[in-house]
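Good morning, everyone. Have the model open and follow along as I talk.

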Amino acid sequence: MVARGSWAHAAAVGLLAGLLGVACSGEPDARASPSRARNLLIICLDTVRFDAMRAAGFVEEGAPRRTWSERAVRLGFAHAPAPWTVPSVASVLTGRDPLGHGAGVFSRPVANLDDEVPSPIAPGVPTLAERLTAEGFETRAYVAHPWFESGYGLERGFSHLELEEGRRRLAGKATVWLNWHTAEKDPKPFFLYLHFMESHANLTWKKGMYKSRGMRLTPVTQEAARAHAPAGACDDPGSSACWHYVAYVQSVAEQLNSIARVLTTLEETGLLEQTLVMLYSDHGEEFRDHEAAGRARGVDPRGIYGLGHGQSLYEELLHVPVWIWHPSAAGRREEAPVSLLDLMPTALDWLGLDGGKELDGQSLLPWLLRGAPAPAVDRPLFATRIAYGPEQAAILRGGWKLVSYGQGAGALFNLVRDPGEHQPVQGAPVLDVLASQLAEWTARAPVGTAPPPSLSREQLERLESLGYLGGVPAREPEPAPQPTGSD
Ligand SMILES: [Zn+2]
């Protein structure tokens, strides 16, 4: 069964009753020591759903990934503001929700990332890397996702960005650079961003390889994977569906091994004491959690149901892992509702920089370090930007979740009683409140949408290898310059 303890816990302590009118968390009561706050490392594990991270991290006694897992502050109810890479990572790197950064908008009423290039981050929206470059930081990115080289604005502000395939090469680049940086005479503070892609590839794996991939895990971790599998996926432990999920967990485990290597380098070089490290996933992945519901709605332009991401706003796509390593924070699990939008305010807070009023999230450091109250359990979290189908929008608040399909009332779920979102609730009094709040959010004037970038044949091929944009024509090659003569 999927472990979704957060809202059950909230219900147990009676917090759901406070749905209306409860204040948000307080202001910081003290500042972190500025002499220690210096560097920032943000790591993305693309396409990792929450339950898979739990299964991958904790089983192997004495393994580096378990040691580092236990040292992390693990946020048990973190949410992505969008169900696919471009709008979600754009939110992390701008601190603004999808309406505020403008990325991931399709021109047609039915989105289809197979045959249309959506909008990039709007040009006037600043990025974290731009901000930190202006503050004198060394800003570097080692990324495995071709969106970063495709003109989407995710690359903006990095003084050095390399596209690298494979977790070992990514981690190797990072560790080599960290060692080199440490040896510098007067090193600048740094912002290092890493983006891993091994779990994203699960739909391209040959079915015949699921079991051999899964068997790379030790038996005890295989068992943990089956225990955390989506409902029904491992009813038959020998089924292809179950081995697919176990293999997916194996991909998470091997990425955590690589991240453990980077973190160990940080510690060995003495940088860990000065560095805030945040690990997140940009969205989850469906393993047939809502295949029947998807087919019943029948709106995916590809006719694909039950697999992948970008097609819905169910929890298997929005509930993501966020782990934080901080010199002053002991490893533990926390359950308050947080958003990927909180990462940038948290980073700026750590570095002693003002985030301004433009950011949509909130710093988590007052809560995690300084004794301030946790984000309120009824804090509203929003999501939107479908990649396949008509647009949707969702609000999560106080254990309830309302998904709007753009017409009618949408579907209301009680995540405490129905964490798998299979039984829409009719006629609950909370519906009007949530519908009104969601309508107010979606009616906000969005930032201007920039035209989609035109992509070269090589850029398109790299995205096509991930399953995107198969029907999009490449940009015409630039005409060769005419000889101008030499006389
Ligand atoms: Zn992604």
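Predicted model: local features only at pLDDT ≥ 70, side-chain atom pairs only at ≥ 80, totals over all residues.

Residues are numbered from 1 along each chain as its sequence is written.

Now the strands around that pair. Strands (E, at least two residues) and helices (H or I, at least four) are DSSP runs, numbered from the N terminus. E13 and E15 (residues 393-397) run antiparallel, joined by four bridges. Strands pair if DSSP finds at least two bridges between them. They belong to an open, antiparallel sheet of four strands, ordered E13-E15-E16-E17. Which strands stand at the edges? E13 (381-384) and E17 (411-414) do; each has a single partner strand, so one side of each lacks a neighbour in the sheet. From one strand to the next, the twist averages 15°.

Next, a helix on that sheet. H15 (residues 430-442) lies across E13, E15, E16 (400-404) and E17, at about 55° to E16. Angles run from 0 to 180 degrees between N-to-C directions, and axes are lines fitted to C-alpha atoms, for helices over the stretch in contact.

Last stop: H2 (residues 50-57). Buried or exposed? Eight of its eight residues are buried, meaning 20 or more other C-beta atoms, placed from the backbone, lie within 10 Å of a residue's own. Among them are Phe50 and Met53. H2's buried residues pack against H3 (64-71), H9, H10 and strand E10 (319-325).

Conventions: Buried ≥ 20, exposed ≤ 12 C-beta atoms within 10 Å, placed from the backbone. Contact = placed C-beta atoms within 7 Å.
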